[in-house]
Amino acid sequence: MAFVNSKKKEVQAKIVYYGPGRGGKTTNLEYIHKKYTSRVKTEMVSVKTHGDRTLFFDFFPFDVGKIKGYDVTVQLYTVPGQVKYDATRQLVLRGVDGVVFVADSMAVRREKNFMSLKNLQKNLSIYKKNIFQIPLVLQYNKRDLKDIPLMPINKMDRELNSQLKVPSYPGSAITGLNIVETLKKIISLTMVSLQNQLR
Ligand SMILES: Nc1nc2c(ncn2[C@@H]2O[C@H](COP(=O)(O)OP(=O)(O)OP(=O)(O)O)[C@@H](O)[C@H]2O)c(=O)[nH]1
Ligand SMILES: [Mg+2]
C-alpha cells in the first residue's frame with residue numbers, strides 16, 4: 001500500500017518491475033538510475049548472483065517531485081525473474097501500487113513471457129490484487145537487437161495485451177528507447193489510482 005501523509009503532504013508509492021529472467025528489468029533500473037542522478041539520492045541496491053542475475057531485488061527511491069501539492073517518491077523495485085525464485089517475487093510484490101511488465105522481444109522467449117505474466121497474476125492474487133485492476137504497463141524490451149529473431153510488436157501486443165489492454169511500449173533498456181516513457185506512464189497511472197487518498 002502506498003504511504004500517504006496528508007499533514008506533511010507526502011506520498012510514497014511502490015512500483016515493481018516484473019517479467020521473465022534475463023528480460024531486462026535490472027537494466028531498466030540501471031538506465032533510470034544513471035539518467036536521473038539528481039532525483040536519486042541513494043545508490044542502487046542490487047542483490048545479485050555471481051552471474052549477474054537478480055537474487056532478491058534491485059531497489060532505489062526516485063523523487064518524482066510535486067503532484068497536487070504532494071511531495072511524491074516512488075520506490076522502484078525489480079523481482080528476480082528466474083522461475084525458481086517465486087517465493088522472493090511474492091515478498092517483493094507485497095504492498096505494490098503499480099507494475100511494469102518487461103517482456104523479452106526475443107522470439108525464443110515467447111513462452112517465458114506468457115508464463116511470467118501468468119505468474120504475476122497468481123502472485124498478485126495472493127495479496128487480493130487483480131491484474132486487470134492494478135496500474136500496469138507493458139514494455140517489449142530489446143528492440144535494438146539486430147541479428148536475432150524478434151517477435152513483431154503487434155504480435156506481442158496481441159498475445160500479451162489483448163485482454164489486459166494496458167499501455168505498451170517497444171523499448172530498449174540498452175539504448176534507452178522508451179525507458180523513461182514507460183516509467184512516466186506507470187507513475188501517472190499509479191498516481192491516478194491513488195488519487196482518492198490524496199485530499
Ligand atoms: N540488446 C539488449 N540487451 C538487453 C536489453 N535489456 C537487457 N539486456 C541484456 O540482457 C541481459 C539480462 O538483463 P537484466 O537486466 O539483468 O535482466 P533481468 O530481467 O533483471 O534478469 P533477472 O534478474 O534474472 O530476472 C543482460 O546481459 C543485459 O545487458 C536490451 O534492451 N537490449
Ligand atoms: Mg535482474
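Analyst: A term is needed before the first case: a residue is called buried when its relative accessible area is under 20%, exposed when that area is over 50%, and partly exposed in between. K142, at 17% relative accessibility, therefore counts as buried. Please note that this is a predicted model.

User: Which residue forms a salt bridge with K142, and where do the two partners lie?

Analyst: In general, a salt bridge is assigned when a side-chain nitrogen of Lys or Arg lies within 4 Å of a carboxyl oxygen of Asp or Glu. K142 forms such a pair with D104, and their closest N and O atoms are 2.9 Å apart. The pair links distant parts of the chain: K142 belongs to the loop between strand 7 (136-141) and helix 4 (153-161), whereas D104 belongs to strand 6 (residues 98-104), 38 residues apart. D104 is buried, because its relative accessible area is 0%.

User: What separates D86 and R89 in helix 2?

Analyst: D86 and R89 are three residues apart in helix 2 (residues 86-93), so about one helical turn separates them. The two form a salt bridge whose closest N and O atoms are 3.3 Å apart. D86 counts as buried at 16% relative accessibility, and R89 counts as buried at 4%.

User: With which side chain does N119 make a polar contact?

Analyst: The side chain of N119 makes a polar contact with the side chain of R89, at 3.0 Å. N119 is found in helix 3 (residues 110-126). With a relative accessible area of 15%, N119 is buried. R89 therefore has a salt bridge to D86 as well as a polar contact to N119, while its own relative accessibility is 4%, which counts as buried.

User: Let us turn to the ligand. Which residues come nearest to ligand 1?

Analyst: Of the 19 residues around ligand 1, K25, T27, T54, G81 and D144 come nearest. An N or O atom in the side chain of K25 is 2.6 Å from an oxygen atom of ligand 1. R53 places a polar side-chain atom 2.9 Å from an oxygen atom of the ligand, and D144 places one 2.6 Å from a nitrogen atom of the ligand. Taken alone, ligand 1 exposes 650 Å², and the protein buries 82% of that.

User: Where is T27 found, and is it buried or partly exposed?

Analyst: T27 is found in helix 1 (residues 25-35). Its relative accessible area is 26%, so T27 is partly exposed.

User: Which residues make the nonpolar surface patch?

Analyst: V45, V47, L55, F56 and L91 make a nonpolar surface patch of about 360 Å². Strand 3 (45-48) and strand 4 (54-67) are the elements that give two or more residues to the patch. V45, placed in strand 3, counts as partly exposed at 40% relative accessibility.

User: Finally, how many helices and strands does the protein have, and in what pattern do they follow one another?

Analyst: The protein has five helices and eight strands. Along the sequence the pattern is β-β-α-β-β-β-α-β-α-β-α-β-α. The radius of gyration is 16 Å, close to the 16 Å that the globule rule gives for 199 residues, so the protein is as compact as a globular protein of that length. Its C-alpha atoms fill a box of roughly 55 × 35 × 30 Å along the principal axes. Of the 199 residues, 51% count as buried. One of the helices, helix 5 (residues 179-194), contains T190, which counts as buried at 1% relative accessibility.

How values were computed. Residues are numbered from 1 along each chain as its sequence is written. Chains are lettered from A and ligands numbered from 1 in the order in which they are written. This is a predicted model: local features need pLDDT of at least 70, side-chain atom pairs count only at pLDDT 80 or more; totals for chains, interfaces and linings use all residues. Side-chain values use heavy atoms; hydrogens and water are left out. Patches are made of residues with over 30% relative accessible area and no salt bridge: like charges are joined within 9 Å, nonpolar side chains (Val, Leu, Ile, Met, Phe, Trp, Tyr) within 5 Å. Accessible areas come from the Shrake-Rupley method with a 1.4 Å probe; for residues, only the protein chains shown count as cover. Helices (H or I, at least four residues) and strands (E, at least two) are DSSP runs, numbered from the N terminus. Buried means under 20% relative accessible area, exposed over 50%, partly exposed in between (1.4 Å probe, protein chains only). A residue is near a molecule or strand if one of its heavy atoms lies within 4 Å of it. A polar contact is a pair of N or O atoms within 3.5 Å; within protein, one must be able to donate a hydrogen and the other to accept it, and residues adjacent in sequence count only if both atoms are side-chain atoms. The radius of gyration is taken over C-alpha atoms; the globule rule is 2.2 Å times the number of residues to the power 0.38.
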